[in-house]
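Please look over the sequence and the model before reading on.

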Amino acid sequence: LIRAQRKSYYKFINTAAKRAAVIFAAIITLFTASLSVKAIREPVVKFIKQVYETFIHYSFDGDTVEIITKEYTITQMLDGYEQFDKLTSENTIATTYKNKLGDTIIFTQMTTEYSIGYFVDNESGEQYTETVDDIEIEFKEWYDTKTAIWANDGYVFSIDCIGNISFEDIKQIIRTIK
């Protein structure tokens with residue numbers, strides 16, 4: 001009767017060492033399971049959009065990064081474009097690509113600590129927000145210039161295009177950034 005009243009799992013936790021091992025295993029399991037959630041394992045940077053009468057200010061809040069520890073690059077550029085210039089500092093990397101027609105693509109990676117944000121004129125041109133591969137991106141077009149701005153992994157990224165480049169081309173470039 002006494003043996004029947006015991007719990008079926010009692011033999012697994014009947015000593016202090018076994019109890020500690022079970023607790024340790026549970027903590028390790030919860031920790032590894034939490035790392036499968038993207039929002040927990042990656043730095044969180046909030047993209048703040050403030051709309052004023054004549055301009056929009058994009059700023060960033062959250063887990064900031066002071067220096068660039070991981071350089072992101074475009075792994076597959078559009079046909080006909082070659083790297084023209086690259087400026088590098090500890091908190092900004094700007095790479096310029098050009099084609100034979102003079103169309104220009106500038107890819108910029110900046111730390112959120114360094115970036116004070118972007119100011120965009122909202123009286124001329126059009127702007128819209130779209131999600132590309134789970135990243136919220138602000139697109140802006142005015143005259144012959146197109147811009148994409150987003151935050152990811154504690155960094156602020158932008159692609160500025162001057163010339164005959166479509167938003168679909170910009171999205172294609174964004175998908176190849178690693």
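The questions and answers below concern a predicted model.

Me: Which residues have the most contacts inside the largest nonpolar core?
Reply: The largest nonpolar core has 27 residues. Elements that give two or more residues to this core are the strands β4, β5, β8, β9 and β10, together with the helix α4. Those with the most contacts inside the core are Ile105, Trp150, Ile159 and Ile170.

Me: Which residues does Ile159 touch, not counting residues up to four places away in sequence?
Reply: Ile159 is itself among the core residues with the most contacts. Its list of partners includes Lys146, Thr147 and Ala148.

Me: Is Trp150 buried or exposed?
Reply: Trp150 forms a stacked aromatic pair with Phe157, with 5.6 Å from centre to centre and 20 degrees between the planes. Phe157 has a relative accessible area of 2% and is buried. The relative accessibility of Trp150 is 3%, and the cut-off for this class is under 20%, so Trp150 counts as buried.

Me: Which residues are linked with Lys171 in a network of salt bridges?
Reply: Lys171 is buried, with a relative accessible area of 6%. The side chain of Lys171 meets that of Glu130 in a salt bridge at 2.8 Å, N to O; this pair links distant parts of the chain, with Lys171 in helix α4 and Glu130 in strand β7. Lys171 also forms a salt bridge with Glu168, where the closest N and O atoms are 3.1 Å apart. The residues linked with Lys171 in the network are therefore Glu130 and Glu168.

Me: What separates Lys171 and Glu168 in helix α4?
Reply: The two residues form a salt bridge. They are three residues apart in helix α4, which means that they are separated by about one helical turn.

Me: How many residues apart are Arg175 and Asp133?
Reply: Arg175 forms a salt bridge with Asp133, the closest N and O atoms being 3.8 Å apart. Arg175 is in helix α4 and Asp133 in the loop between β7 and β8, so the pair links distant parts of the chain. Their separation is 42 residues.

Me: Over the face of which residue does Lys171 lie?
Reply: Lys171 is in helix α4, and Phe139 lies in strand β8. At 5.9 Å from the ring centre, Lys171 lies over the face of Phe139.

Me: How far apart in space are Ile67 and Thr111, C-alpha to C-alpha?
Reply: Ile67 is found in the loop between β2 and β3 and counts as partly exposed at 41% relative accessibility. Ile67 touches Glu90, Thr111 and Tyr155, not counting residues up to four places away in sequence. Ile67 and Thr111 are 44 residues apart in sequence, yet their C-alpha separation in space is 6.3 Å.

Terms used
Residues numbered from 1 in each chain as written. Predicted model: local features only at pLDDT ≥ 70, side-chain atom pairs only at ≥ 80, totals over all residues. Heavy atoms only, no water. Core = buried A, V, L, I, M, F, W, Y, C linked by side-chain atoms within 4.5 Å. Buried < 20%, exposed > 50% of the residue type's maximum accessible area, 1.4 Å probe, protein only. Helix = DSSP H or I, 4+ residues; strand = E, 2+ residues; numbered from the N terminus. Contact = heavy atoms within 4.5 Å. Salt bridge = Lys/Arg side-chain N within 4 Å of Asp/Glu carboxyl O. Phe/Tyr/Trp six-rings, centres within 6.5 Å; stacked < 30°, edge-to-face > 60°. Lys NZ or Arg CZ within 6 Å of the ring centre and 35° of its normal.
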